[in-house]
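These are my notebook entries on one protein chain. I went through the model element by element and wrote down what I looked up.

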Amino acid sequence: MIWAAAALVALAVLVPYAIAFGRRLRRDAERKDEAARLGIDRPAAQYPYIDPTHCIGCGACVRACPEGDVLGVVGGTAVVVNGLRCVGHARCEAACPVGAIEVGLGDLKARKDVPLLDDNLETTLPGVYVAGELGGLALVRNALAQGRRAAEQACERLAGVDRRNGGLLDLVIVGAGPAGLSAALTAQVRGLRYRVLEREADLGGSLLHYPRRKMVLTQPVEIPPWGALKSEEYQKERLLEIFSGIVDQYGLALAFGEGAERLESLDGDGYRVTTGRGAFDARSVVLALGRRGAPRKLGVPGEELPKVMYKLLDAESYRGQRILVVGGGDSAAEAAIGLARQPGNRVTLSYRRERLVRIKAKNEAALEPMLASGRVQGLFSSQVTEIAPDRVRLEVEGREPVELENDYVFVFAGGVPPFGLLQKAGIRFGGGEAEAADRAA
């Protein structure tokens with residue numbers, strides 16, 4: 001009797017667990033298949049690479065990921081189910097008890113959207129370095145570390161060089177985001193003659209275009225010699241305030257309104273960076289431009305109207321408006337959420353795919369109830385075809401065209417990365433170009 005009772009208790013405990021475990025495995029398998037069908041199981045930049053020969057399927061990596069739904073466990077092995085959501089926290093790598101995960105960029109020779117870099121962040125042009133998002137890695141933490149590293153490499157390159165030529169800077173840094181500021185701080189400490197060129201009227205890079213009070217994930221990171229960012233997250237305004245304080249404290253040499261238009265080699269040694277206002281000659285260059293570039297346009301009639309915008313800084317400025325948000329990433333989701341929370345707004349979200357597949361878990365958690373309740377009207381598998389002063393027209397797959405009364409259109413279709421500047425200078429990228437060169441060699 002005792003054994004029978006013990007067996008019944010064991011079954012009562014184990015059967016529900018086994019059922020729940022089986023459901024989770026089926027769910028992750030379905031998500032993996034769907035990710036492959038939608039093309040989101042591949043990396044956009046950084047990516048968790050899993051060694052199936054070492055993975056024990058414990059799920060620690062799944063639980064550790066702050067973004068949610070990047071990883072799942074299928075058939076007893078961790079797999080990527082939404083690669084587009086990975087932003088390189090590397091929490092999964094730290095959480096894995098058997099060292100089966102490594103977060104990296106993989107083989108960049110196959111990446112047409114990433115310049116080829118060596119281990120020192122140097123491009124195929126000697127003395128020209130890339131730091132930050134332009135090299136494929138997201139996160140403020142990575143940008144700060146790479147900016148410092150690139151400037152240190154530029155300094156090492158000057159060893160034994162006669163630097164008495166007063167007309168030639170040691171280093172030009174293009175971009176005043178986190179990577180550019182970190183490079184400038186390192187250059188200042190190391191005694192380099194340098195200049196930071198920034199297209200915008202203020203520092204911050206892509207942070208400048210974030211909405212007010214947006215939380216920016218930094219993770220604790222050192223900024224020598226200033227100190228450390230000790231919190232996991234900072235509000236955009238607080239982070240920009242910290243960066244501005246660093247600039248003032250160390251007297252960093254920044255030039256605003258200087259958008260780089262051309263990079264070319266000088267006769268002998270060094271490079272010239274030409275902006276709309278002048279030219280800057282230096283022995284080395286750090287490109288910390290980011291990947292945002294100019295906003296990508298829809299290419300439809302009426303897009304030149306003043307009601308069409310490509311960034312949202314303050315959702316509270318819009319009340320009682322009929323608004324269309326176009327896009328399927330975090331910027332579009334955050335804009336739709338923020339605008340829908342303002343009194344009287346009627347917000348519609350248009351996205352060309354059948355559903356949102358690449359937004360952060362916290363944005364998904366906030367947006368889904370709004371879509372379900374109609375607070376945000378979702379128009380999926382749709383594309384804008386025309387924008388008029390008081391309305392907008394869209395094609396919707398499987399339906400008749402839709403015409404909406406409209407006051408504002410916010411377009412978040414990504415940006416056109418500044419690859420042209422690099423390619424015209426002779427910097428090589430991955431993909432077919434690199435593969436052909438390797439075969440020829």
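I took two strands as paired if DSSP finds at least two bridges between them. Helices (H or I, at least four residues) and strands (E, at least two) are DSSP runs, numbered from the N terminus.

I note that this is a predicted model, in which local features need pLDDT of at least 70 and side-chain atom pairs count only at pLDDT 80 or more, while totals for chains, interfaces and linings use all residues. Residues are numbered from 1 along each chain as its sequence is written, and side-chain values use heavy atoms, with hydrogens and water left out.

**Entry 1. The antiparallel sheet.**
I then traced the whole sheet: 3 strands form an open sheet in the order β21-β22-β23, with antiparallel pairing. Strands β21 and β23 (402–405) stand at the edges with a single partner strand each, so one side of each is left without a neighbour in the sheet. From one strand to the next, the twist averages 25°. Angles here run from 0 to 180 degrees between N-to-C directions, and axes are lines fitted to C-alpha atoms, for helices over the stretch in contact.

I also checked what precedes β21. S381 lies in the loop between β20 (376–380) and β21 (382–388). Although S381 is not a glycine, its phi is positive, about 55°.

**Entry 2. The parallel sheet.**
I recorded an open sheet of 5 strands with parallel pairing, in the order β17-β24-β18-β19-β20. Its edge strands are β17 (308–309) and β20, each of which pairs on one side only. Strand β17 and strand β24 (residues 408–411) pair in the parallel sense over 2 bridges. M309 has F410 of β24 as its bridge partner.

Which helices lie across these strands? I found that α7 lies across β18 (322–326), β19, β20 and β24, and runs at about 165° to β18. Helix α8 lies across β19 and β20, running at about 90° to β20. I counted contact as heavy atoms within 4.5 Å.

**Entry 3. Helix α8.**
The 13 residues of α8 should span 18 Å, and the end C-alpha atoms are 19 Å apart, which agrees. The buried residues of α8 are N363, E364, L367 and M370; buried means under 20% relative accessible area, exposed over 50%, and partly exposed in between (1.4 Å probe, protein chains only). These buried residues pack against α7 (330–340), β19 (346–351) and β20. G374 follows α8 and has a positive phi, near 85°.

**Entry 4. Q342.**
Is Q342 buried or exposed? With a relative accessible area of 12%, Q342 is buried. Q342 sits in the loop between α7 and β19. Leaving aside neighbours within four places in sequence, Q342 is in contact with A315, E316, Y318 and R319.

A260 has T275 of β14 as its bridge partner.

I next looked up K424, which is found in helix α9 (residues 419–425). K424 is exposed, at 78% relative accessible area. K424 and E264 are 160 residues apart in sequence, yet 8.4 Å apart in space, C-alpha to C-alpha.

**Entry 5. Helices α4 and α5.**
I noted that the axes of α4 (residues 140–157) and α5 (residues 178–189) come within 7 Å and cross at roughly 35°. The contact is made by V140, A143, L144, G147, R148, A151 and E152 of α4, and by P178, A179, S182, A183, T186 and A187 of α5.

**Entry 6. Backbone details.**
I recorded a cis peptide bond from P224 to P225, with omega near -5°. P225 is in the loop between β9 (221–223) and β10 (227–229). L121 is not a glycine but has a positive phi of about 70°. L121 lies in the loop between β4 (101–104) and β5 (128–130), and counts as buried at 6% relative accessibility.

Terms used. The expected span of a helix is 1.5 Å times one less than its number of residues.
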